[in-house]
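Load the model and keep the sequence beside it.

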Amino acid sequence: MHVMTNKSPHARWRSLPLGKVSVTGGFWLNKQAINRQVSLRHGYAQLEKSGNFNNLRLAAGGGEGEYKQPVFMDSDVYKWLEAVAYDLVNVRDPEIEGMADEAIALIAAAQQEDGYLNSYYQVIKPEERWTDLDHDHELYCAGHFFEAAVAMHRATGDERLLNVACRFADHIDSIFGPGKRDGAPGHPEIEMALVELYRETGERRYLDLASFFVDKRGTGKMRGYGHFGPEYHQDRVPVREATIVEGHAVRQLYLTTGVTDIYLETGEQALFDAMGRLWHDMTARKTHIIAGYGAQPRGEAFGPAYDLSTDHCYCETCAAIAGMMWNWRLLLATGEARYADLLERSLYNGFLSGVSLDGRRYFYVNVLQSRGGIERPEWYGCACCPPNVMRQIAMVAHYAATVGEGGVQIHQYMPLTVEAAGETGPAAKLHMETDYPWEAGVRVVIDETDGSAWELALRVPGWCAEAALKVNGEAQQSVTGGQYATITRAWQAGDVVELDLAMEPALVEAHPRVDAIRGNLCIQRGPMVYCLEEVDQPDLDLLDVRVAPDAPMQARWREDLLDGVVSIEVQGLAAEPGEWDGNLYLPSAERKIAHRVATLTAVPYYAWANREIGTMRVWIPRPE
Ligand SMILES: [Zn+2]
């Protein structure tokens, strides 16, 4: 769930309300259109086919056939509804509204007299509610439900789900809390949802309940799955004492997101300090170049420091999404560009790789090297990722701008309109014109303003060495990357700010301790990480390719390729096997490995696995 309309007292900047910032063209408008026309309908059909809707029908006393597991099937319905809510702000689509109405009625019918709502327990274990918080996702599903209800209320004013949500939250509040039952969810999620429910309703008990669930963690009492210990659930140490990100990556990052939400409302420094330690551990040691998280398939978990393998990594799409949600809240709290930088890196890479170009196939795991045979399925038995992707794409514009401290801040670049209402910022309307992420130029035009002097802040991404800035055609001092360029003046309608972010192809390498990719280089251009796919270099084995640090590179717009991308031609090398042919091991000695020149075509990583199945790699070795 995205923080919107927050009046959080400890936020430096605030989200704009739903509908006050909208994509008007380009890359993301295209993704939103596919999301609406394909993914949301596809999701609805898959939820029917997989039994999610039928589970709720069974809980409501109807339905037929058997209950379908896993235990958290309800949450997929809720995430899909949340996506629908955000999309209805963009375009009212009667067919999708009809699907949502049906789902809302079903959920309301499934709710029990006392407010309880969870189809698994209602159908399979009616006598055992709240008996397995460690594993059974009851509170997790409740959290996703609250988020959908809040989103629907904000998007359309529809109170039906919100009423069901408050009854359920009140029921949970009657069970858990000081002097009541102790416990914390094995899978965090409800924490951020309760804070949002508090923001939407003003009911303080919901915020207190979120804090209670955070405070009850870290006692080591949770039963890990199989071999996994309490770190799997972030239960090894109390949140305020945590120093490293660990365990299941999505759980860890949903937890930090919820904790940061609590900080935004309460300002408790110990919570914020813990978040700072965890963010540092994650970004300095445990983040893949695509801003994917969770190096280890075993336990879907963060690995040890510098464990960032390319072909056996996990990088669940939901973890990238969770990372974006966390970074967004840290940005609201601090106004520091590094959080928007990391959010952007996920947005165009580790998140966006989670959905196919046509919007109907998905990745759960996002590897950085494929040895072949990987393709995107239409859905998953554990389908947490697809509807999570849908809700992010539907609300992507909301990552682009905030208001606060008397000004307007632009964080992500896309053609859009921004409408600030004068609360903690100016009363102003502006719009942005850009071909980002393919082109570096950005124009911000002030359309309406209240005549006061106010600050416009534009993020200069960390990948940009130096950005040129002009106001009404007049060059300003250039700004180095990793901070906000700020201009304060009494703006007038028609004023134009131009930013040129100098987007050139570049090669990057990893900290030398990352042994999995030591001596390897990765191609980037602007926010995009690039990869090599077999289909673009059919005469080469990707195990043989090499790229020197000074390799010439040429970026080229390719209308015909992958729905239109900027590809990068690289003058690389291909290793000749020579005396290695037929030998897997040889005595260590000075060996001259012969290379021949090979032109390589790199494409944006997010777009891989949309053509014929083949090998792929992000990291490319230097020549020996
Ligand atoms: Zn997932």
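What follows is a short tour of one predicted model.

Local features need pLDDT of at least 70 and side-chain atom pairs count only at pLDDT 80 or more, while totals for chains, interfaces and linings use all residues. Residues are numbered from 1 along each chain as its sequence is written, and side-chain values use heavy atoms, with hydrogens and water left out.

Start at the zinc ion. Its protein donors are Glu316 (OE), Cys318 (SG), Cys384 (SG) and Cys385 (SG), at 2.0 to 2.3 Å. Donors are N, O and S atoms within 2.8 Å of the metal (3.2 Å for Na, K and Ca); water is not among the atoms, so sites may look incomplete. Along the chain the zinc donors are spaced E-x1-C-x65-C-C. The four donor atoms make angles of 96 to 118 degrees, and the site is tetrahedral. That label requires four donors with all angles between 85 and 135 degrees. Glu316 and Cys318 are both buried. Buried means under 20% relative accessible area, exposed over 50%, and partly exposed in between (1.4 Å probe, protein chains only).

Move to Arg14. This residue sits in strand 1 (residues 14–15). Helices (H or I, at least four residues) and strands (E, at least two) are DSSP runs, numbered from the N terminus. Arg14 counts as buried because its relative accessible area is 18%. Its side chain makes a polar contact with the side chain of Glu423, at 3.3 Å. Such a contact is a pair of N or O atoms within 3.5 Å; within protein, one must be able to donate a hydrogen and the other to accept it, and residues adjacent in sequence count only if both atoms are side-chain atoms.

Next comes open space. The largest pocket holds about 360 Å³. It is lined by 19 residues, and Thr287, His288, Ile289, Leu308 and Ala510 are the closest to its centre. Helix 11 (269–285) and helix 13 (337–350) each give two or more residues to this lining. Helix 11 has the largest share, three residues. On a 1 Å grid over the protein atoms alone, a pocket is an open set of points with protein on both sides within 12 Å along at least five of seven lines, a cavity is a set where a 1.4 Å probe fits but cannot get out, and lining residues have an atom within 4 Å of a point. Grid points are joined across faces, edges and corners, and a volume is the space filled by probe spheres set on the points.

The whole structure has three cavities of 30 Å³ or more. The largest cavity has a volume of about 110 Å³. Among its 13 lining residues, Gln234, Val237, Ala242, Gln252 and Leu255 lie nearest its centre. Helix 10 gives the most to this lining, three residues.

Gln234 is classed as buried because its relative accessible area is 5%. Asp563 also has a positive phi, about 65 degrees, and is not a glycine. Asp563 is exposed, at 56% relative accessible area.

Finish with two peptide bonds. Gln69 and Pro70 are joined by a cis bond, omega about 10 degrees. The bond from Tyr436 to Pro437 is cis too, with omega near 5 degrees. Most peptide bonds are trans, and most residues other than glycine have a negative phi.

Definitions and conventions: Tetrahedral: all angles 85-135°; square planar, octahedral: opposite > 155°, others 65-115°.
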